[in-house]
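Hi everyone, thanks for coming. Today I'd like to walk you through one protein model, piece by piece. Please have a look at it first.

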Amino acid sequence: MTGYTSRLAPLLRNGRKNVFDSEFERSLFDLRRAKLAEIEKLGQPAYPNQFSASHTLPQVREQWDGAAAEQLEANRVTVIVAGRIMAIRAQGKAGFATLQQGGQRLQIYVRLDAVGDQGFALYKLLDLGDHIGVSGYLFRTRTGELTVHVETLTFLAKAMLALPEKFHGLADVELRYRQRYVDLFTNLDSREVFVKRAKVLKAMRRFFDERGYLEVETPMMQQIAGGAAARPFVTHHNALDQDLFLRIAPELYLKRLVVGGFDRVYEINRNFRNEGVSTQHNPEFTMLEFYQAYANYHDLMDLTEELIAFVAREVNGTTITNFPIPKGPRAGEIVEIDLGKWQRLTMREAIVKWWWTEAGNPPMIEEFSSSVSFSRIVQQLYNVCKREQQAVGADLDRRPPYSQDVERRSLTVPAAALSLTLRQLASHGDSVLGQSIATVFEIVAEEHLIQPTIIYEFPTAVSPLSKQKPDDPEWVERFEFYIGGFEVGNAFSELNDPVEQHKRFEQQLTAREHGDDEAHQMDEDYVRALAYGLPPTGGEGIGIDRLVMLLTGSKSIRDVILFPLMRSREQKSEIGNQESDAK
């Protein structure tokens, strides 16, 4: 054992559990370490620091995929390329291998009489996953495969662990998330998802840059968690000896910039919210937020429809995408969604449109105006739940607050949420009316919003940063847009009255005192900024991760985040043991 491998030996002999998953893996590592020592004996560095290639594999494919065998033979093309070995086989004194680089693959042909004894000895010491460089000329095999006839072979890096044969099944899906570095080179479909993600960001920047927006950056550590209703992560700054919050949204800082005279700004930002993990939620996620002075929420509706269609065409070449419905009567069904065709409904109109038929006639719009009349609406829905409860003998009040299809509603109806809403309306009256309407909307309508839909006019009570409608102060100029059955973006005409904003913050503080740990904190400096004058402004936030899900047909947000948050292996093992003990 020589060179680099000898220096590794003391560490590897420890056999630490966090390095190897099994005794077999440890043995395989030792075997490949021995091969690496043999490669060093051939005069090849164990880990060279450079290889000068003439082309990338994608460039070779682009330039010569269409070249006929006769053309390559008449005009010999020499290339120097590098890549990871994804397939290898030897047949006596010759062999084929497949290199991969940049999401493309290219076959190489290695002959003893072409590379010499030392080169062929190196070839026989190679394993799947190794990185090599080759130089040679292009030709086509009898089957027409574009191939490099290798003349020199250079070792670049040894894969000390074996490549997985395939990634399939639930356990391996989790492995793809934990070991994304393996997923990306063994699963080219996964790689393509993240290539498209980069194209989404590029398209968004182009869209806004061409419209005179300025890209900016705002703090990720903040003294006050604001700009959204969410529970923040808390950290501590040692030098200043003060607690700080990881950003839940950049909104209040971006609007400060509009006050400062940047009339059109946007930020592609990382946000952090201390919430659960699901197919649509990750505690660390990416959003686009943008603000335009002298615009309102109607202007942003038009801009949103234009933006989403533009990004879809830039990324996929079409506004049509295929997406698996996450919930509802068609859960799991892959549907065609046209991102160029939109509908617009108020929140109240959406409740009426998708009213449960078992609950009787749909409510009239005027019934949303008071807690007394709206209580009757909620009661109608809850009565359906109770009848279903009696039919199946299940305690629906204990079930989670999300809705499923009518046919299976007896098992999953959100009776607990409706029951709580009834109690709140009875005890707090009109002060909880807005929140109650929003709850009913989520239960009745949200799962049906598969095709692009803008839902506008939200209750003031659930919109602390939005401007009220001039003719109806109980409702604000706000919209959310939904695609695929979930919310993708949120926008509104920004509240720019400092007195009203201070009042809204105080209302949020009251909500916090009553146990709402997602309510806003008071931001006195933001109120002061408004006092200097925020022009009429429209602002919007769009979830990048969810948009990428839609454009790539991905079922889970973890499929579109390179390194999603995962439960530690130790925690997962403990939970598994507890479940076994419980059985």
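**Helices and a barrel**

Let's begin with helix 8 (residues 188-209) and helix 10 (residues 297-316), whose axes come within 9 Å and cross at roughly 135 degrees. Helices (H or I, at least four residues) and strands (E, at least two) are DSSP runs, numbered from the N terminus. Axes are lines fitted to C-alpha atoms, for helices over the stretch in contact, and angles run from 0 to 180 degrees between N-to-C directions. Helix 8 and helix 10 are therefore oblique to each other; angles under 35 degrees count as roughly parallel, over 145 as roughly antiparallel, 65 to 115 as roughly perpendicular, and the rest as oblique.

Before going on, a word on the source: this is a predicted model, where local features need pLDDT of at least 70, side-chain atom pairs count only at pLDDT 80 or more, and totals for chains, interfaces and linings use all residues. Residues are numbered from 1 along each chain as its sequence is written, and side-chain values use heavy atoms, with hydrogens and water left out.

Which residues of helix 8 meet helix 10? Among them are Val 200, Ala 203 and Phe 207, and the helix 10 side includes Leu 303, Leu 307 and Phe 310. By class, this contact (heavy atoms within 4.5 Å) between helix 8 and helix 10 has 10 nonpolar, 1 polar and 5 charged residues. Here Ala, Val, Leu, Ile, Met, Phe, Trp, Tyr, Cys and Pro count as nonpolar, Asp, Glu, Lys and Arg as charged, and the others, Gly among them, as polar.

Our next pair is helix 9 (residues 251-259) and helix 17 (residues 524-531), packed at an angle of about 25 degrees with axes 9 Å apart. That makes helix 9 roughly parallel to helix 17.

Now for the strands. In this model, 5 strands close into a barrel in the order 1-2-3-5-4, with mixed pairing; two strands pair if DSSP finds at least two bridges between them. The twist averages 55 degrees from one strand to the next. Strand 1 (residues 78-91) pairs with strand 2 (residues 94-101) in the antiparallel sense, over 7 bridges. Helix 5 (residues 112-124) lies across strands 1, 2, 3 and 5, at about 35 degrees to strand 5.

Finally, how confident is the predictor? The chain averages a pLDDT (the confidence in each residue, from 0 to 100) of 88, and 89% of the residues score at least 70. Over residues 1-11, though, the pLDDT is below 50. Where pLDDT is low, the predicted coordinates should not be read in detail.

Definitions and conventions. pLDDT is the predictor's confidence in each residue, from 0 to 100.
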